[in-house]
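Reader: Could you take me closely through one part of this model, the sheet and the loops beside its strands? I would like the terms set out as you go.

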Amino acid sequence: MTKPMKFEFSPIERRNGVAMWKQIAENLRAVLSRSEVSSGEKIPTEQELAHAFGVNRHTVRRAISTLIEEGFLRADQGRGTFVVKAPLVYPIGPRTRFTENLSGQAQEVYGDIFRVSEVVADAYTGELLNVELGTPLFKCESVSYADATPLIAGTRWFEASRFPNLPADLKETSSITKIMEKYGLGEYRRKETRITAALCSAENAELLKIPEGAPVLIMESINVTEGGKAIQVGRAYVAADRMHLTVRNE
């Protein structure tokens, strides 16, 4: 017997500039990404969802069609619509913290910083950090996991003079947020994230445990202090079939 999905939804309130079906898709996407939701669960009918959200069935149908295209759901003719264990949803906004952003979507979320090296700023990192070429930096390479599945292979660069004990700090904790707090920068924020796509290299395929040539999303990010000074830049490769990126404007 198909396991029915438990749900609690409230009527949607109209938001300026955001279509109702998009808001419903947001709500459903968040629910379907929770760790307790399993593959094969049957979602409520269009009629039930329309009643819960306070909209018509056409609006619900459009939201469901979008989630089917994204891989969150599948429709079986004559049987209903079912959960596919979909990619996690990673929101990108002014406060972007890996563990915090995936809270509730997985049982265990963590990062493994497997290499820290001393480098100097090149044209790329120098421009993003707004430092001169040759400025000493720390380069941190890591893989981020959810429930033992690798999601992101990333590299971060820090100006060494701002974080003089970074290698030792990382031995105590792999949490960048905690290290920022130690240096009085706990309120750092994301200034910019550039998102592009590519085919996975052999090196990143090994780290992410996906086939070489599989699609990956690339996030290039700049984190800044409250005053706007760049303190950390990064480049991350995301397994596109395991995690969706959602840009928040608020």
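Author: Two strands are taken to pair if DSSP finds at least two bridges between them, and the strands themselves (E, at least two residues), like the helices (H or I, at least four residues), are DSSP runs numbered from the N terminus. This is a predicted model, in which local features need pLDDT of at least 70 and side-chain atom pairs count only at pLDDT 80 or more, while totals for chains, interfaces and linings use all residues. Residues are numbered from 1 along each chain as its sequence is written, and side-chain values use heavy atoms, with hydrogens and water left out.

On that basis, six strands make up an open, antiparallel sheet in the order β4-β5-β6-β9-β8-β7. Its edges are β4 (109-120) and β7 (189-199), each of which pairs on one side only. Within the sheet, β8 (residues 215-224) and β9 (residues 230-239) run antiparallel and are joined by nine bridges, and E220 faces R235 of β9.

Turning to the loops, N130 lies between α5 (123-129) and β5 (136-146), and D147 sits in the loop that links β5 to β6 (149-159). Although N130 is not a glycine, its phi is positive, at about 60°; D147, also not a glycine, has a positive phi of about 50°. As for accessibility, buried means under 20% relative accessible area, exposed over 50%, and partly exposed in between (1.4 Å probe, protein chains only). N130, with a relative accessible area of 63%, is therefore exposed, whereas D147, at 38%, counts as partly exposed.
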